[in-house]
Amino acid sequence: MSELPILDPVTAAISKVASLLATVPPQQLTIAQAAGYVLAGDIRLDRDSPPLDVSAMDGFAIRLDDWQFKPLPIAGVAAPGNPPLTLPERSAIRIFTGAAVPLGADTILVRECSSESNNEVQFHVDLQSVRRGQHVRKRGENAPVQHLVLASGSLLSATAMAALATFGPSHVSVYRKLNVSIINTGDELVPMGHAADPWQIRDSNGPYLEQYLKQQPWVGSIHRQSVGDSKERLSTCIEERLSQSDVLLLTGGVSMGDYDYVPETIRQSGSHVEFHRLPIRPGKPVLGAVGPQGQLICGLPGNPVSVAVTARRIGLPLMRKMAGLPMEDSIQWRLPPPDAPIASVDLIHYRLCKIDALGRCGWTPMMGSGDVVALSQSDGFLELPPNFPANQPTNYPDDLTTEKRYRFYPW
Ligand code: AMP
Ligand code: MG
């Protein structure tokens, strides 16, 4: 009997919020407009692929049983874009890649092993080396009509667009894109590009989150603003942004300090806080809530590395769920670096890593959760169980070797 997996507290918190979030409504778009959107229905082949037998090479289409009569007169030209010709008895038809194989022909001989004179073609190959059906792409060999090619929840990426263009209808149902708002709290913040006194900090969380969201094709509008540490102003902003957004991301002010108004203000907005504080480092103060109209609210900590880690580990899968996508699709199972010993903590530990040219994971030296230098030099992070390396991973795919691999989250 298989046991139910025991969820780590982070996965459990994500699952709880996910169960309360609905996917945004679908809309109909032309397939040209739909690029970059998420499919809200399956796409099946509207015809066989290929739709009829076509040549895979430039050469001559023949009936193999006519071999003994060569040289064969050239009875016509089969070019791409034309309906199939009929091959007369004891003849060849010149054919080009992608053209319909003439009716009656069963074999293609490539141009390189042929020579022509007086409108006849001679072949310079042994009959033994010719296979009946060679260089013919058979009707339906890629997939038959009605075959599922893109499942609901697929992002219409470049490769998906190739399939949609080949097989799709004129219009498709896709989920509308998410409207996301970012609120950065803190009296110490100065906008990027501005002079800052030593006791001030340039806001990096706002630009970080804005760019992170812009990189997600399923995000539509992004609204970003900074508020100081004023309870009244924060409350007004939260109310206003909730009325305009599917997702609200806040940074800072979520901890236990005197100016940390975020948890209380979120509660006062009629939202329900589903979790606050998780046993993780960095990012412990993180908060997850659901707004009065089902909005996702993430109260991310203030420190930049904490913001990046919690946005990736917690915010991203929840937003993906709302966008109609699978919650995770880019986790990589990786071996931790063997070399540098790291401090063991009794918390789920996110360690910044860089992947080298050979695909090996190396620790990114980091001074603390405010270390933007380390953040900017990392490719993602490993999720290590509490008390690593003494503890074994709690979760790994069974098809791997006995090597202990951990989840690596690329940015
Ligand atoms: P807080 O959780 O509000 O106490 O913020 C923790 C720390 O994160 C603060 O002391 C700041 O140094 C830093 N911080 C907060 N907000 C930002 C921001 N938007 N950009 C960069 N650093 C920030
Ligand atoms: Mg603050």
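This report walks through a predicted model of a protein chain with a ligand.

## How to read the model

Local features need pLDDT of at least 70, side-chain atom pairs count only at pLDDT 80 or more, and totals for chains, interfaces and linings use all residues. Residues are numbered from 1 along each chain as its sequence is written, chains are lettered from A and ligands numbered from 1 in the order written, and side-chain values use heavy atoms, leaving out hydrogens and water.

The protein chain averages a pLDDT (the predictor's confidence in each residue, from 0 to 100) of 94, and 95% of the residues score at least 70.

## Around the ligand

Nitrogen atoms of ligand 1 take part in polar contacts (pairs of N or O atoms within 3.5 Å). A polar side-chain atom of Asp203 lies 2.8 Å from a nitrogen atom of the ligand, and a polar side-chain atom of Asn205 lies 3.3 Å from a nitrogen atom of the ligand. Ser204 instead uses a backbone N or O atom, 3.0 Å from a nitrogen atom of the ligand.

## Backbone details to find

Now look at the peptide bonds. A cis bond joins Ser49 and Pro50, with omega about -10°. Another cis bond joins Lys70 and Pro71, with omega about 0°.

Finally, find His135: this residue is not a glycine, yet its phi is positive, near 60°.

Methods
A polar contact is a pair of N or O atoms within 3.5 Å; within protein, one must be able to donate a hydrogen and the other to accept it, and residues adjacent in sequence count only if both atoms are side-chain atoms.
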